[in-house]
Amino acid sequence: MSNKNAVDKLISHQTMAREDFIELFGYYQNQEVRKLLTGEALRLRKQYYGNKVFTRGLIEFTNYCKNNCYYCGIRGANSHIIRYRLSQEEILTCCQEGYRLGFRTFVLQGGEDPFYTDERMAAIIREIKQCYPDCALTLSIGEKSRESYRLFRKAGADRYLLRHETADEVHYRLLHPDNMRLENRKRCLWDLKALGYQVGAGMMVGSPGQSIRTLAEDLLFLQELKPQMVGLGPFIPHHDTCFAGEPAGSVELTLFLLTLVRILLPTVLLPATTALGTLDPGGREKGLMAGANVVMPNLSPLKNRKQYELYDHKICTGEEAAECLGCLDQRVNAAGFTLVSERGDASHTQTSRCIVSE
């Protein structure tokens, strides 16, 4: 162990131990240290990305899901929601409108829906990349086999978001049914990295059963994985889950973690999430001021946005909607940043479609 404290180790980019991350949370209420860490996070963000904020056009193409994660509003066992699926034509229409608006990254997000077989997904990916070769395509469709991920990569997928949700085995068991395994979640993330994807992990902040120790495990895992993207948002309960009565996560703690992750992984792409904006009207601007550099307006059809309800009271109109991109642009500018129309790859990331040799 170095004789430097955890803050010094983090800022000087030394390898952190579990105890170091736990120590960092002891400074959560220390305004002097918070100011120091936030300043460093913003310095690194500017070093690698300037004042740019990248947009991603989010297409929530199915709310069917075979899984029953205890925190999720679209869990398979929830019989109270109206299910929908977008056709390939509808997905391409969303991309067409997004491209017109200036988006150069599309994110296909959905539940783990068996209807979208590997072959169907590969066909959708190929069509999007053929129509929009200058755009990046991100998938967020859950746990798959290595061969499925390889097929999607060959079809043209560039990035993959798979939030690990928690890196602590006991905590994972509190949030998921017995047929889901943390080891498989991690296996997916390592497979994605090996296949040449730009990979995104991440977790909910304030989920039931979470502690400082479990958050330290998350940071330890992120340090090891070194993903190009990290999704951090506060937990928000959904009324049709067993966690309906649980309190929402803390916006302030989420902002603190955004700052820590920016310093831990200086070139990371870090969204100011919809969940932040749901709990706090200025949450996304605060996220940008804590080190985030990505926003994800919704390109999904208006009639389906409310149906993709992972948690209660999700914002799905106004600045969250792609139609009000001008409003979002003004808010980002007011926070001192510039909304840009670019692919927005991670700094120093190779964008080749070649599969990493194995």
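Helices (H or I, at least four residues) and strands (E, at least two) are DSSP runs, numbered from the N terminus. This is a predicted model, in which local features need pLDDT of at least 70, side-chain atom pairs count only at pLDDT 80 or more, and totals for chains, interfaces and linings use all residues. Residues are numbered from 1 along each chain as its sequence is written, and side-chain values use heavy atoms, with hydrogens and water left out.

**Serine 300**

- Serine 300 sits in the loop that links strand 8 (294-295) to helix 13 (302-305).
- Its relative accessible area is 1%, so serine 300 is buried; buried means under 20% relative accessible area, exposed over 50%, and partly exposed in between (1.4 Å probe, protein chains only).
- The side chain of serine 300 makes a polar contact with the side chain of asparagine 298, at 2.7 Å.
- A polar contact is a pair of N or O atoms within 3.5 Å; within protein, one must be able to donate a hydrogen and the other to accept it, and residues adjacent in sequence count only if both atoms are side-chain atoms.
- A polar atom of the serine 300 side chain also lies 2.7 Å from the backbone nitrogen of glutamate 60.

- An open sheet is built from 6 strands in the order 2-3-4-5-6-7, with parallel pairing.
- Strand 2 (57-62) and strand 7 (229-234) are the edge strands, and each pairs on one side only.
- Neighbouring strands of this sheet are turned by 20° against each other on average, direction ignored.
- Two strands pair if DSSP finds at least two bridges between them.
- Strands of a sheet pair through backbone hydrogen bonds, either parallel or antiparallel.
- Strand 4 (residues 136-140) and strand 5 (residues 159-161) pair in the parallel sense over 2 bridges. Leucine 139 stands opposite tyrosine 160 of strand 5.
- Strand 5 is joined to strand 6 by 3 bridges, and the two run parallel. Here arginine 159 faces glutamine 198 of strand 6.
- Strand 6 and strand 7 also run parallel, joined by 6 bridges. Alanine 201 stands opposite valine 230 of strand 7, and methionine 203 has leucine 232 as its bridge partner.

- Strand 7 is largely enclosed by the rest of the structure, because 6 of its 6 residues are buried.
- In a regular strand the side chains alternate between the two faces of the sheet.
- Met229, Gly231 and Gly233 point one way from strand 7, while Val230, Leu232 and Pro234 point the other way.

**Helices around the sheet**

- Strand 6, helix 9 (residues 212-225) and strand 7 form a right-handed β-α-β unit.
- A crossover is right-handed if, with the strands pointing away from the viewer, the path from the first strand over the helix to the second runs clockwise.
- Helix 10 (residues 251-264) lies across strand 6 and strand 7, at about 165° to strand 7.
- Axes are lines fitted to C-alpha atoms, for helices over the stretch in contact, and angles run from 0 to 180 degrees between N-to-C directions.

**Nonpolar cores**

- A nonpolar core is a set of buried Ala, Val, Leu, Ile, Met, Phe, Trp, Tyr and Cys residues joined through side-chain atoms within 4.5 Å.
- The largest core has 87 residues, and Leu108 and Ile128 have the most contacts inside it.
- Helix 10 gives this core its largest share, 10 residues.
- Beyond its neighbours within four places in sequence, isoleucine 128 is in contact (heavy atoms within 4.5 Å) with Ile91, Leu92, Cys95, Phe106, Leu108 and Leu137.
- A second, separate core of 12 residues includes Cys69, Ile74, Leu182 and Met204.

**Two loop residues with positive phi**

- Glutamate 165 lies in the loop between strand 5 and helix 7 (169-175). Its phi is near 70°, a positive value in a residue other than glycine. At 7% relative accessibility, glutamate 165 counts as buried.
- Lysine 226 lies in the loop between helix 9 and strand 7. Its phi is positive, about 50°, although lysine 226 is not a glycine. Lysine 226 counts as exposed, at 51% relative accessibility.
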